[in-house]
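Dear colleague,

Please find the structure below. My notes on it follow.

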Amino acid sequence: MNKSFAILGMGKFGQRLATDLYDAGADVLIADEDEDLIDQLADRATYAMTADLSDPESIAQLGLSNMDVVVVCMARHIEASIMCAMVAKEAGVPKVIAKASSKRMKDVLLKVGADEVSLFEEEAASRTARKLLSSDFIDFFDLSDNLCIVNMHPKNEWVGENLMNLRLREKHGINVVAINDGNGLSAIINPTEPLTKEMDLLCVLSKKDAAKLK
């Protein structure tokens, strides 16, 4: 059974997160108060709903109790973020993740029930720093204190080789979970297909190993 995600708040981060999850085959509910925006994004999600995310009754009508994960993406709107986190936890959502614009906001969100809260500016700065450290990185996302997801092009020495021969997991701790060969991201990977410089690799690895990919 596919995991189900609710992405609340359709700013740039929320849109990108929802699209990537949906393209990877997850069931994705998106919600925002902007009806026109929701209409535009409806084909990039399983469910698209307009809701006042600062109103608990409106949030409750989203049916969050059916979700495995709720991500609250409104780092600039503390009232709506608090309401969404509270209602989601009251609905029994196993994992609620939120973004905050300050440490004070982070503390409040954790207090009202959010399971994980990341600081928007600090996360963006860390991601940018890691991208600058390696020209091969397209993007970088924190998963935990130790793990990360890296979207990267194959390193020069990998081009022309295949994943079976490279043995990236064994040698470098790199787990390639999806590849974009120009036809969209796919988790169906042919380990004997030679890598090209233009490919995008979506990899899960430790931050320590990521730092070695300079």
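**Findings**

Of the 214 residues of the protein chain, 39% are buried, meaning under 20% relative accessible area with a 1.4 Å probe and protein chains only, where over 50% is exposed and anything in between is partly exposed. This is a predicted model, in which local features need pLDDT of at least 70 and side-chain atom pairs count only at pLDDT 80 or more, while totals for chains, interfaces and linings use all residues. Residues are numbered from 1 along each chain as its sequence is written, and side-chain values use heavy atoms, with hydrogens and water left out.

On confidence (pLDDT, the predictor's value for each residue from 0 to 100), the protein chain has a mean of 86, and 88% of its residues reach 70 or more. Helix H6 (residues 120–133) has the lowest confidence, with a mean of 56, and strand S3 (residues 47–50) the highest, at 97.

The protein chain has nine helices and 11 strands; these are DSSP runs numbered from the N terminus, helices being H or I of at least four residues and strands E of at least two. Among contacts (heavy atoms within 4.5 Å) with a separation of 6 or more, 53% join residues 24 or more positions apart.

Val150 belongs to strand S8 (residues 147–152) and is buried, with a relative accessible area of 0%. Its C-alpha is 7.8 Å from that of Ala210, 60 residues away in sequence.

Lys99 lies over the face of Phe13, 4.3 Å from the ring centre; the rule asks for NZ of Lys or CZ of Arg within 6 Å of the ring centre and within 35 degrees of the ring normal.

Regards
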